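Subject: Handover of a structure, with notes

Dear colleague,

I am passing on the structure below, together with notes on what came out of going through it. Please read the notes with the structure open beside them.

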Amino acid sequence: MAVQNSGDSLLEMFIFETLQNTEQLEQIILDTEKEDGFSNNAINEIFRIMHTIKGSAAMMSYPEIASLAHKAEDLFYFIRENKDVKYSCSHVSDLILLCMDYINNEVSGIRENRDPNADESNRLIEELDNYLCKLKGASTDTTNSEKMLAHISYKAIFYFEYGCEMENIRAYSIIRDMREYAYDIVTVPENVLDNDETTNIIRKSGFLVYFTSDKAYSELQSLFMNMPFIRDIDLTLTDVDICLQAENENTTSGRVTVESESEKIKNEETLIKQDNHSSGQSIISINISKLDKLMNLVGEVVISESMVANNPDLKGLELQSFQKEALQLHKIIVEMQDLVMSMRLVPLTTTFQKTHRIVRDMSKKLGKEVNLELSGEDTEVDKSIIEHLSDPLMHLVRNCIDHGLESEEVRIALNKPAIGTITLEAYNSGSNVYILVHDDGRGLNKEKILEKARNNNILTKPESEMTDKEICSLIFLPGFSTNAEVSEFSGRGVGLDVVMQNITSIGGSVSVESTEGMGTTVTMKIPLTVAIIDGMNIKVGAKNFTIPITAIRESFKPENGSIFMDTEGNEMIMVRGECYAIMKLHKQWDIETEVTELSDGILIMVEQEEKRRCIFADCLLGQQQVVVKSMPDYIKRIKKVEGLSGCTLLGDGSISLILDPAWLINSEIKYGKGE
Amino acid sequence: MINVLVVDDAAFMRLAIKNVLEKSGFKVVADAKNGQEGIEKYLEYRPDIVTMDITMPDMTGIEALKKIREADPTAKVVMISAMGQERMVKEAIINGAKSFIVKPYKEEHITQTLLKIASDK
């Protein structure tokens with residue numbers, strides 16, 4: 001049935017399911033590679049997945065995907081039916097992975113309304129075909145290879161001429177004749193011969209036959225029309241998996257109805273859905289945008305609750321019962337908030353698993369064998385964060401293999417294990433998730449990094465003052481790339497600064513540690529969620545600001561005598577023997593306030609990546625969980641406001657701007673004149 | 001020209017079928033009044049299609065069908081049945097009858113069925 005983009009939900013389902021299938025396929029292939037050859041199970045599974053993809057793609061009118069999947073299915077059909085045929089497992093894996101990449105790409109393209117790339121599909125089909133021919137040539141079992149001609153799934157509804165009588169027996173003779181060229185025949189109603197009752201069903205609704213055949217549509221159409229007593233025939237391409245289900249449904253209800261076209265579509269849609277959920281009835285998939293909305297609403301509820309409970313109208317009133325109920329409401333809301341948050345949490349498993357593919361492809365291409373170890377894949381992270389995590393992780397892993405790990409000969413010469421190991425590790429700590437990418441390769445060469453940095457003019461402070469860690473971190477700066485030759489994988493002209501950008505954009509940070517000759521560890525620190533944070537609300541003049549609690553070390557009233565001026569006349573503060581620069585928010589933002597003297601206000605020490613600075617504000621308003629909202633679009637359009645990571649509503653309904661800790665630490669301090 | 005052998009115990013039916021077929025351009029090369037004769041005529045004339053009544057004395061149409069198909073597995077036999085003979089029709093179909101026509105039939109039922117079957121392969 002050709003459904004040209006009809007029903008977005010059906011299309012969504014198709015995309016969702018196909019992507020899921022390809023993911024599963026990739027997993028199977030990577031698993032089998034480890035085991036040196038496809039197991040029977042794996043072959044069946046691959047065959048089944050390709051079959052499903054083919055069926056749904058044909059139904060959704062994506063012939064490129066359908067025909068490619070069809071070809072791949074052919075190949076595995078052949079392998080399945082000819083057990084002793086010799087094939088190169090690694091070559092087949094390569095082919096299938098390529099097909100999968102193509103399908104993945106096409107399916108994602110559907111969302112962007114991209115035109116299908118038929119050339120690529122044809123090229124892959126040809127490649128599969130060539131290999132299949134080669135296999136067939138090698139196989140002596142000709143009867144099997146003839147049978148293996150892959151079959152297209154069809155659905156046919158036969159309508160018999162009025163008054164032809166004994167329709168059930170006619171139906172039977174159709175099936176009998178079809179057996180010569182059709183396989184996997186399933187009929188509705190079934191057992192037409194033994195049950196004369198079926199005559200009435202066939203008379204009313206036609207005789208429904210699902211089957212597969214290697215014959216083309218038009219050929220079948222004319223064959224069927226040439227059968228005696230056929231009034232009409234409704235032949236459609238379909239997918240047999242879905243049909244088998246339909247058949248089950250129909251027979252259990254004991255009757256068949258020929259639905260209108262739209263009803264059929266609806267039916268198949270639900271069938272696809274059922275198919276998806278059959279593995280676990282207790283799990284349903286929800287559109288992420290709905291969760292986002294829910295999250296937002298819960299955020300609003302949190303704010304409204306505190307607006308109601310702390311309403312100024314209630315001030316000074318003795319409201320015992322009200323307070324009690326308000327407390328109960330608060331409890332429920334907090335619970336709800338936690339629940340919604342947990343709904344958005346996704347384990348890192350899939351993201352981690354994806355690295356298998358990268359490792360495989362690269363180690364094959366570069367001839368470096370690599371051992372990939374994963375730990376803590378079940379660590380959960382907010383869905384919106386996961387999306388930003390995949391690319392940096394791939395980038396880092398690619399870098400490890402390409403630049404980090406030495407070749408086998410070198411490793412042996414260095415007395416290291418011949419096979420390099422890359423370790424991915426994830427763990428929770430506080431409200432952060434740490435992700436470590438470690439390799440046991442050559443490590444970073446600090447001399448080279450410095451030299452390169454010097455050449456590219458990206459040094460920010462004198463070399464002699466830089467710690468090892470700071471030197472290593474240079475590799476994350478834009479415009480830095482130590483590998484002279486551009487390799488296919490890592491050197492795409494973008495450096496590791498992309499990793500840094502990606503991670504900081506979600507409020508995380510990246511640091512690197514390396515011991516020369518022993519390996520490199522890149523640590524990504526990522527907030528568990530970006531939607532709700534614990535914040536400290538502060539006041540500067542008439543404005544409210546919120547600083548994420550995680551960035552705050554302490555806050556204190558400056559002692560007299562601890563403040564001194566540096567050589568340029570800027571205020572510094574000495575706390576427990578350490579010196580910190582002071583950033584006065586009212587100067588930074590040009591805010592009018594009465595509190596300008598350090599002794600009148602409060603200092604908040606913020607820390608990020610082991611750098612600290614003291615922020616001066618009028619006073620603290622208190623700690624609160626705040627719902628982070630991104631800056632409204634109309635503001636973003638006017639200009640990019642630096643230093644703000646979002647905004648939020650406070651309990652009294654006023655707006656508070658959330659300060660970006662990274663900015664607080666790294667931005668240039670504006671010192672007012674005369675200070 | 002499609003050659004047909006008509007097998008029926010009733011002379012009236014043989015004539016009726018013959019009339020219908022010849023009006024539509026078929027050639028009835030022979031007819032037979034029972035199963036045994038049907039087999040003999042089939043082997044003699046090798047027609048393209050046989051129309052075979054089911055209930056006949058001595059040897060039923062089904063027996064004849066089996067014998068004919070035994071002798072020539074490509075033989076195309078269309079059964080002529082009365083209402084209510086489901087069991088027999090089933091047996092005939094299982095034994096290789098190409099199709100069947102239920103009496104009382106419409107003329108085009110016969111002609112179209114035979115045309116379609118004759119053009120088959």
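Which residue stands opposite Glu513(A) in β11(A)? Before the answer, please keep in mind that this is a predicted model. The residue is Thr521(A), which faces Glu513(A) from β11(A). The two strands concerned are β10 (residues 509-515) and β11 (residues 519-527) of chain A, which run antiparallel and are joined by seven bridges. Their hairpin has three residues between the strands, and in this hairpin Gly517(A) takes a positive phi near 85 degrees.

Chain A also holds an open sheet of five strands, whose order is β20-β12-β13-β22-β21 and whose pairing is mixed. Because β20 (619-627) and β21 (644-649) of chain A stand at the edges and have a single partner strand each, one side of each is left without a neighbour in the sheet. From one strand to the next the twist averages 35 degrees.

Four bridges connect β14(A) with strand β18 (residues 602-608) of chain A in an antiparallel arrangement, and Phe556(A) stands opposite Leu603(A) in β18(A). As background, strands of a sheet pair through backbone hydrogen bonds, either parallel or antiparallel.

Turning to the interface, 21 residues of chain A are in contact with 26 residues of chain B. The two chains, A and B, bury about 1,900 Å² between them, and 55% of that area lies on carbon and sulfur atoms. On the side of chain A that touches chain B, the largest share, six residues, comes from helix α7 (residues 167-178) of chain A. Sorted by class, that side of chain A has eleven nonpolar, four polar and six charged residues.

With best regards

Key:
Residues are numbered from 1 along each chain as its sequence is written. Chains are lettered from A and ligands numbered from 1 in the order in which they are written. This is a predicted model: local features need pLDDT of at least 70, side-chain atom pairs count only at pLDDT 80 or more; totals for chains, interfaces and linings use all residues. Side-chain values use heavy atoms; hydrogens and water are left out. Contact means heavy atoms within 4.5 Å. Buried area is the accessible area (1.4 Å probe) that two parts lose on being put together, summed over both. Ala, Val, Leu, Ile, Met, Phe, Trp, Tyr, Cys and Pro count as nonpolar, Asp, Glu, Lys and Arg as charged, and the others, Gly among them, as polar. Two strands pair if DSSP finds at least two bridges between them. Axes are lines fitted to C-alpha atoms, for helices over the stretch in contact, and angles run from 0 to 180 degrees between N-to-C directions.
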